[in-house]
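Please have the sequence and the model at hand while reading.

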Amino acid sequence: KYNTEINLKKSKKSANKNLLNDDKLNTANNIKEMKYIEKLNKSGYNLSINNLDLLLSNEPNFSPKLILRKEFNIFDLEKRVGHKNVLPIMGRILLDSFGLINDKIMPIDKLDSFLISIANQYFATTLYHNSLHGSDITHTICLFFNNSNAEEVCHTKAIDLLSIIVSGLGHDIGHPGLTNNFQVNSLSDLAITYNDNSCLENYHLAKLFKTLRKDETNIFEKLTTQDFKKIRKKMVSEILATDMVHHGENITLIRSKIKAWQEVGGGQTRFNLLTGNEKTKFDEQQLLLNYLIHMADLGHNTKKFEISRTWVKLLCEEFWKQGDKEKSKGLPISFMCDRNNTDVPGSQVGFLRGFIVSSFDCLVSMFPNLRFTIENAENNIKEWQKLQDEKNLLGFTQEKDKEKKEEEEVIESENIDEVD
């Protein structure tokens with residue numbers, strides 16, 4: 001397991017000396033370096049590779065033990081290190097926590113270049129689908145594996161974990177903040193290039209593999225030709241599975257899988273389920289991995305309310321910006337994209353109750369230890385319902401005040417007529 005915790009008994013000077021691997025570096029230089037990091041953090045610019053090493057080693061809060069908690073708040077990390085620094089830090093820690101930063105698997109010297117490149121290709125101006133979301137979905141994927149026996153059930157090896165983690169980090173790379181629906185309705189370049197089919201997901205995949213193709217960011221260069229073809233096939237399947245149009249079909253397949261497990265023996269023999277030929281094993285495993293990344297993509301709905309509410313606010317603002325653009329172009333305004341006609345608390349109650357809970361119920365049926373996801377979603381329903389009730393009460397009071405004011409104006413007008 002990745003260990004970045006500092007022995008607090010060591011002196012600051014000696015700790016910095018170890019972190020920087022330079023015996024000649026004096027305390028003054030260390031202070032200067034840390035001030036430079038501070039400046040980068042405040043400005044929001046991404047870290048250099050050397051500074052990423054320094055920051056990771058010097059911050060005990062970046063240990064996997066703390067980051068792989070269910071209560072982890074990625075917005076707190078963003079405040080500490082700056083927006084674009086989150087993905088390189090999270091990518092490094094999460095990959096290493098599963099033993100994937102290994103010279104036999106990948107060229108370690110190219111990993112940071114890859115992570116920083118991915119972070120920089122997300123747009124900070126995209127309010128929801130940015131590098132923070134890429135980091136968060138990857139964190140959620142790792143939470144699923146870390147808090148359940150998913151590795152055993154899915155029969156995952158290093159290449160399988162590597163595929164889904166890298167897919168999570170890059171699954172929305174270059175997202176313009178405009179949905180597939182907008183792309184198709186506006187006949188955008190992406191819609192024309194990808195023939196209206198999963199326009200954004202195909203675009204993200206293309207950008208991700210163009211990055212992986214470059215020598216300086218090719219973390220897959222040590223894979224054999226056969227393994228590279230396998231990981232590419234897996235990543236294509238995983239990222240395409242994040243398109244919501246596939247939700248119904250995939251959930252139906254997962255439910256049939258769960259039913260088969262229950263019939264086999266109450267889930268007790270499910271570890272022996274993937275026993276077909278290699279083609280069948282690959283497809284069955286990929287179905288589960290696709291489902292996990294899709295659930296992680298919806299995972300902000302199953303975080304603690306404070307975190308979930310922040311994500312919802314960002315998503316609504318992104319949708320409303322799209323709605324403004326659709327209105328200005330004379331296009332149909334997409335669902336949830338009209339800022340003047342969206343009941344956020346009400347829509348969240350309906351979405352969580354009618355969609356999220358049932359979707360995550362499948363997840364918990366397979367992995368009972370992930371029940372905290374449904375518990376959080378159910379609590380979020382209660383919190384949104386409170387806000388909805390407050391909004392209704394406010395609206396009712398405002399309506400009554402309006403009626404009272406109108407009555408007073410009518411009475412005043414009648415009084416004036418009588419005087420006249």
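At which residue does H18 bend, and by how much? The bend in H18 is about 40° and falls at Leu352; a bend is the angle between axes fitted to the seven residues ending at a residue and the seven starting there.

## Basis of the report

The model is predicted, with local features needing pLDDT of at least 70 and side-chain atom pairs pLDDT 80 or more, while totals for chains, interfaces and linings use all residues. Residues are numbered from 1 along each chain as its sequence is written, and side-chain values use heavy atoms, with hydrogens and water left out.

## Helix H18

Helix H18 covers residues 344-366. Helices are DSSP runs of H or I with at least four residues, numbered from the N terminus. At 1.5 Å a residue, its 23 residues should span 33 Å, and the 31 Å between the end C-alpha atoms agrees with this; the expected span is 1.5 Å times one less than the number of residues.

At the start of H18, the backbone nitrogen of Gly346 has a side-chain oxygen of Asp343 within 3.2 Å.

## The largest pocket

The largest pocket has a volume of about 1000 Å³. A pocket is an open set of points on a 1 Å grid over the protein atoms alone, with protein on both sides within 12 Å along at least five of seven lines; lining residues have an atom within 4 Å of a point. A volume is the space filled by probe spheres set on the points, which are joined across faces, edges and corners.

The lining holds 36 residues, and His129, Thr179, Met244, Leu315 and Phe319 lie nearest the centre of the pocket. Helix H11 (180-185), H13, helix H17 (305-329) and H18 each give two or more residues to this lining. H17 gives the most, with six residues.

## Aromatic pairs

The whole structure contains six aromatic pairs, meaning rings of Phe, Tyr or Trp (its six-membered ring) with centres within 6.5 Å. One of them joins Phe209 and Phe228 edge-to-face, at 6.4 Å centre to centre and 80° between the planes; planes over 60 degrees apart count as edge-to-face, those under 30 as stacked and the rest as tilted. Phe209 lies in helix H13 (residues 199-213) and Phe228 in helix H14 (residues 225-240), so the pair ties together parts 19 residues apart in sequence.

Conventions
A polar contact is a pair of N or O atoms within 3.5 Å; within protein, one must be able to donate a hydrogen and the other to accept it, and residues adjacent in sequence count only if both atoms are side-chain atoms. On a 1 Å grid over the protein atoms alone, a cavity is a set of points where a 1.4 Å probe fits but cannot get out, and a pocket is an open set with protein on both sides within 12 Å along at least five of seven lines; lining residues have an atom within 4 Å of a point.
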